[in-house]
Amino acid sequence: MKKLLLFLALSFCFSFSSYAQFGGFGMGGGKKIKGKITGSVIDSVSGEPVAYATLVLKNAGMSREKDGILTEDNGKFKFGEVKTGKYDVYVSFLGYNDKLLEDIELTLKNPDKDLGKIQLVPANYVLDAVEISETRSLIENKVDKLVYNVEQDASLAGGDAADALRKVPLLTVDLEGNVSLRGSRNVRILINGKPSGMFSNNVADALKMFPADQIKKVEVITSPSAKYDGEGSSGIINIITKKGNIEGVAGTVNLSLGNRQNTGSLNLNAGKGRFGFSSNGGVFYSVPADATQSMNRQSYTDAGISSYTYDGINNTGRLGFNGTASAFYDVNAFNAFNTSISYQGFGFDMDGDLSGVIAAAGGTPNEFTRELEMNNLFSGYDWSSDYTRTFEEDKDRELVLGYQLSGNIQNQENFTNETYTFDTENVLTRRADIFNDGDNLESTIQIDYTHPLPKSYKLETGAKAVLRDIKSDYYTENDGTQVPALSNLFEYNQDVYAGYASLSWIWAKKYSFIAGVRYERTQIDGSYRDDLPGFENGYENWLPSFTVSRNLKNFRSIKLSYTRRIQRPSLFYINPFNNNTDVLNQVIGNPNLSPELVDQIELSHNTNLAGFTVFGSAYYKRTTDIIETIVSVDNGVSTNSFFNIGENNAFGLNLFTTKSINNFTLRGGGNIYTYDAQGIVNGETLSRQTYEYNLFASGEYTITGDFKADFFGFFKSPSRSLTGDQPAFSIWGFGLRRDYGAWSFGLRVIEPFEANKEFNSDNKITDDNGQLSAVGQYTQQTGFSIPFRSLGVSLKYKFGKVDFKQRRSKVKNDDLKQGQGGGGQGQGGGSGGGGGFGG
């Protein structure tokens, strides 16, 4: 018995010593055990598994990624060989709201964790979800729109809004900044869901004064419901800025320096309880750059063929500013007020010299020189206020009253001095001063009401009035003497009254429907101060829309939609101001234009193949009374104006795909669409069948959690019209961004191997053999070359801490066909070509 007790005592002492030596009772290094985290991802509505969803594992509260995987075909996943500790798991997939699972703990006692079924909510469902602040996918393909998260793109630091839109699938942005959606410029741009006076006349110029650093994301809506204004026949682009409701004080400082463009901005946000205030302001400066330009026109006259050629150099620079302030006050849980005001503007200056030759049929060539100076100031403001009423008995029931006042000022001063070799009677030689002072005042009153109905039905209805008052005071002086035929005051009023009703519902948990109709009544009138007769016109339109979508297994979906939309011409197209800076190549608006009417049918499909997320769509679009630029030549003088030429029937295909492999994400795709138009131009019936296309690719690589790199490339084919082609356009570049706590540093490079780029246009009206054989026929080639290589660095500093919750005005005007680059309220002269590219 004593031997047994002695053996037990010695065994216990040995065991205690060993346990203490190897970590027992918390002493020394613990046993190294690795575990696993498992589970499955399902659709919250259908219960179907979500294949190829992305899961990212991070240490709890940290930003650096520990591991990343995709779900299997059955939606299941497994993180293996995971050390004990606390972790966060991020779950995301295109078309679903992202999900964050926090403080998942693996211990020595319980090293394995089964998260069970993780439900992802489709993005078209609205939940009272917790605000998610983790990094989102760069591109999200939701049921009703495509979203590009600009703030996640490192290569855009120091760029402008045009640079940001170039990166968005389905959109194309040419050299001048003109935006097209599926080949059409008839697109409406909103900021935070509401219109802005900065886009009322010229989109291209407005985008150049909007820094990319202030953009959070861009939404592209190709089939808007009846709730949206009928304008924007190709669709709607909604730019969401970095602002929101807040609790606390915080801000950011951004600075970007480059050889093409320099920007600086300050954002400040403050809030307490039911009151909050946000503001931001910025400046940008485009370094003056030299651009070459040329033109060669042959035209047929009664005496034979005459010619007009020139080439030269111009120097262009821009200086701009913008600022926004917004505030909100929540009276209680059911009544809230929101107000905001923004102001923006920029100066666009150009100096140039060119020389050329005029050769009349059978005459002696006459050489000339022309000195140009252009001083333009474009500025505007937007003030909007909303009152929102929700109801205690039904949180989804909502009444919104909104008002917005927008003003836009565009002042253009063009000076030209021309001398000719043969001009003994001083007929051609001139010193001309050409002015256009434009004012655009717009008032909007809007009411919207949302009422949930039983069985997942929802009714949306509302009414709206938009009152536009436009003035253009233009005049031309030759050698100090006013030219009456080129001087006048044009006043234009356009009032739009609208009402809509839209019903949405879900059937059998897999089918979503939206059906609606919008009625719009438009009344216009115009008058002149001197001599010319005024005019009045009015028209009304019923604009139906219908969308049905079907959710399939593994997040595959299919959608069919039909929309009818209208495109009214903006002041850019109707302003009768004659820009005769180049007296032999004049530009003038047409106040007698009718609106375009567009019917579109679209079929789209989302799927995933072996980890590739694929979005594709096919559509047919019929446009009547299409508006195009037409050149007419009379006795060697060409006039560029706008006309309703006829009808265009277009078929198109879009494809976009993305694939993530470890720390690398690759995206690519393209669009192709036909141009099949016929109409009457200068009294001749013309037709043309051709096509346009664009290709794009981009990618990003996470070097570490705080160090990222990305690249992009884009090519757009020439733009087509009945009478010719506008230049093709391509661009590529890459960027780097490194974060150090509150600091962020970036590098941006555009076209490092090409210092300059050339762009050429070709327009003509000839006989069937391509020859000039009748009065009015012509061939015209224009070209310009600009500096393109761009290198820039950026710096960002964040201070303070706030809790952001997005808040937006409810006023939305989606309703004018905006102008093209370089024109402003009036039109750009033929010799003003080129422009600059901000890099």
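**Definitions applied to a predicted chain**

Mentor: Ser385 lies in strand β20, residues 366–391. The model is predicted, so local features need pLDDT of at least 70 and side-chain atom pairs count only at pLDDT 80 or more, while totals for chains, interfaces and linings use all residues. Residues are numbered from 1 along each chain as its sequence is written, and side-chain values use heavy atoms, with hydrogens and water left out.

Trainee: What makes residues 366–391 a strand?

Mentor: A strand is a DSSP run of E with at least two residues, a helix a run of H or I with at least four, both numbered from the N terminus. Residues 366–391 are such a run, therefore β20 is called a strand. The protein chain comes to four helices and 43 strands.

Trainee: Why is the link between the side chains of Ser385 and Thr339 called a polar contact?

Mentor: The term needs a pair of N or O atoms within 3.5 Å; within protein, one must be able to donate a hydrogen and the other to accept it, and residues adjacent in sequence count only if both atoms are side-chain atoms. The value for Ser385 and Thr339 is 2.9 Å, so the pair qualifies.

Trainee: Which residues does Ser385 touch, not counting residues up to four places away in sequence?

Mentor: Ser385 touches Asn338, Thr339, Leu401, Gly402 and Tyr403. Contact means heavy atoms within 4.5 Å. For Ser385 and Ser326, 59 residues apart along the chain, the C-alpha separation is 9.6 Å.

Trainee: How do you know that β5 and β6 pair?

Mentor: Two strands pair if DSSP finds at least two bridges between them. Six bridges join β5 (residues 85–92) to β6, so the two strands pair, and they run antiparallel. Tyr87 stands opposite Ile104 in β6.

Trainee: What is the strand order in the open sheet of four strands?

Mentor: The order is β3-β2-β5-β6, with antiparallel pairing. The edge strands, β3 (65–70) and β6 (99–106), each pair on one side only.

Trainee: What makes a set of residues a nonpolar core?

Mentor: The members are buried Ala, Val, Leu, Ile, Met, Phe, Trp, Tyr and Cys residues joined through side-chain atoms within 4.5 Å. Buried means under 20% relative accessible area (1.4 Å probe, protein chains only). The largest core has 23 residues, and Phe79 and Val89 are among those touching the most other members. β1 (34–43) and β7 (112–120) are among the strands that each supply at least two residues of this core. A second, separate core has 22 residues, including Ala162 and Ile237.

Conventions: Buried means under 20% relative accessible area, exposed over 50%, partly exposed in between (1.4 Å probe, protein chains only).
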